[in-house]
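Me: I have a structure open and would like to go through it with you. Could you help me read it?

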Amino acid sequence: MPIVTGYEDTPGGHDALVLGAQLARLTGLSAVVATVYPVDARGLAVVARDPRWREKARTVAAGRFRRAREIIGDGWGDAEPEFTALTPGSVADVLADHADDVGAAVLVVGSTGHGLLGRLAPGRTVQRLLPLARCPVAIAPRGYRHTGTGTMTVVTVAYDGSAEADRAMTVAVHLAGRTGAAVRVVSVAEDDAGVPAAQALAHKGIASLPVEVDALSDVVVGPVAATLAALPDRTDLLVVGSRGYRFMQRLLLGGVAGVLVRTARYPVVVVPGPDRAGTGGAGLRGGAAP
């Protein structure tokens, strides 16, 4: 069950590469770096049959992979990743299909667009990918190639007692188990009156954790999405449950998860709902890394 990173030779692609290498190294899972063949204006069917385009596409892919090796160096850990050039098509569709085919534990992508430095600014690929992916999707914030520490000491999970939050908790626990990080269970109260209920939820979340996992809980007060996007204490990775995008066809994502992937200051992992969950993520269930 590999960590699959969707890569192109752009700043957002470099951010994804750094996060993907970090996750692969810290979890001990294998790594795949996948790039989607570029296409031109003639359409997929035409270019796929054109040997000149095929040669050009292979050259572009090889250049991307050389650049990836330069950026990460030996940061992958003991084994170099598998570099895979995928068939032409919509980047989001092709990446989602490939992650499903290989049973990806996590699919890593970079934010794109023109958001403020240090904030996620998801472009069309991220917007299209989240409704399609059947495994957890990790989104690297813009500039992560400069700010990523290479370590992971705190995996935070947003917990509201829902089934989606329970699924996010499971992924957070597996990530923590493989990386040696602590799990931070965060519940949000939108105002002071909601603090007791949020505390009860945080305690419920802590109680569900295995005893061998180092854990702490927090209650924060404020608007849910904005508060989770800028938590006051250390968070190396934030895991949230998807509310399900099965019927969502809009370009801009809605709900808490959608706001988070636009505004969070740290990587966000969005865990799909049971209607879309496949075999992906199973690689995170094996306990500590070898």
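Me: How many helices and strands does the chain have?

Reply: The chain contains 10 helices and 10 strands. It has 290 residues, of which 50% count as buried.

Me: What share of the contacts joins residues at least 24 apart?

Reply: That share is 78%, taken among contacts between residues at least 6 apart in sequence.

Me: What is the mean pLDDT of the chain?

Reply: The mean pLDDT is 81, and 80% of the residues reach 70 or more.

Me: Where does the pLDDT stay under 50?

Reply: One such stretch is residues 113–122, for which the model has 35 contacts beyond four places in sequence. Residues 285–290 also have a pLDDT below 50, and that stretch has 13 contacts beyond near neighbours in sequence. Where pLDDT is low, the predicted coordinates should not be read in detail.

Me: Let us turn to helix 7. What length does helix 7 reach, and what is expected?

Reply: Helix 7 has 17 residues and reaches 25 Å from its first C-alpha to its last, which is close to the 24 Å expected at 1.5 Å a residue. Just after this helix, Gly180 adopts a positive phi of about 80°.

Me: Which residues of helix 7 are buried?

Reply: The buried residues of helix 7 are Ala165, Ala168, Met169, Val171, Ala172, Val173, His174, Leu175, Ala176, Arg178 and Thr179.

Me: At what angle do helix 1 and helix 7 pack?

Reply: Helix 1 (residues 11–27) and helix 7 (residues 163–179) pack at an angle of about 70°, and their axes are 7 Å apart. An angle of 65 to 115 degrees counts as roughly perpendicular, and the two helices are therefore roughly perpendicular to each other.

Me: Which residues make the contact?

Reply: Helix 1 contributes Leu23, Leu26 and Thr27, while helix 7 contributes Leu175, Arg178 and Thr179. By type, the residues of this contact are three nonpolar, two polar and one charged.

Me: Now strand 6. Is Val155 buried or exposed?

Reply: Val155, which is found in strand 6, counts as buried because its relative accessibility is 0%, and the cut-off for buried is under 20%.

Me: What is Val155 in contact with, leaving aside its neighbours within four places in sequence?

Reply: Val155 is in contact with Ala172, Ala181, Ala182, Val183, Arg184, Leu237 and Val239. Val155 also lies 6.0 Å from Asp236, C-alpha to C-alpha, although the two are 81 residues apart in sequence.

Me: What about Val154, buried or exposed?

Reply: Val154 is in strand 6 as well and counts as buried at 14% relative accessibility. Its contacts beyond four places in sequence are Ala181, Ala182, Arg184, Arg234, Thr235, Asp236 and Leu237.

Me: Last one: where is Gln127 found?

Reply: Gln127 is found in helix 5 (residues 124–132). Gln127 is buried, with a relative accessible area of 12%. The C-alpha atoms of Gln127 and Val261 are separated by 9.4 Å, and these residues are 134 apart along the chain.

Conventions: Residues are numbered from 1 along each chain as its sequence is written. This is a predicted model: local features need pLDDT of at least 70, side-chain atom pairs count only at pLDDT 80 or more; totals for chains, interfaces and linings use all residues. Side-chain values use heavy atoms; hydrogens and water are left out. Axes are lines fitted to C-alpha atoms, for helices over the stretch in contact, and angles run from 0 to 180 degrees between N-to-C directions. Helices (H or I, at least four residues) and strands (E, at least two) are DSSP runs, numbered from the N terminus. Angles under 35 degrees count as roughly parallel, over 145 as roughly antiparallel, 65 to 115 as roughly perpendicular and the rest as oblique. Contact means heavy atoms within 4.5 Å. Ala, Val, Leu, Ile, Met, Phe, Trp, Tyr, Cys and Pro count as nonpolar, Asp, Glu, Lys and Arg as charged, and the others, Gly among them, as polar. pLDDT is the predictor's confidence in each residue, from 0 to 100. The expected span of a helix is 1.5 Å times one less than its number of residues. Buried means under 20% relative accessible area, exposed over 50%, partly exposed in between (1.4 Å probe, protein chains only).
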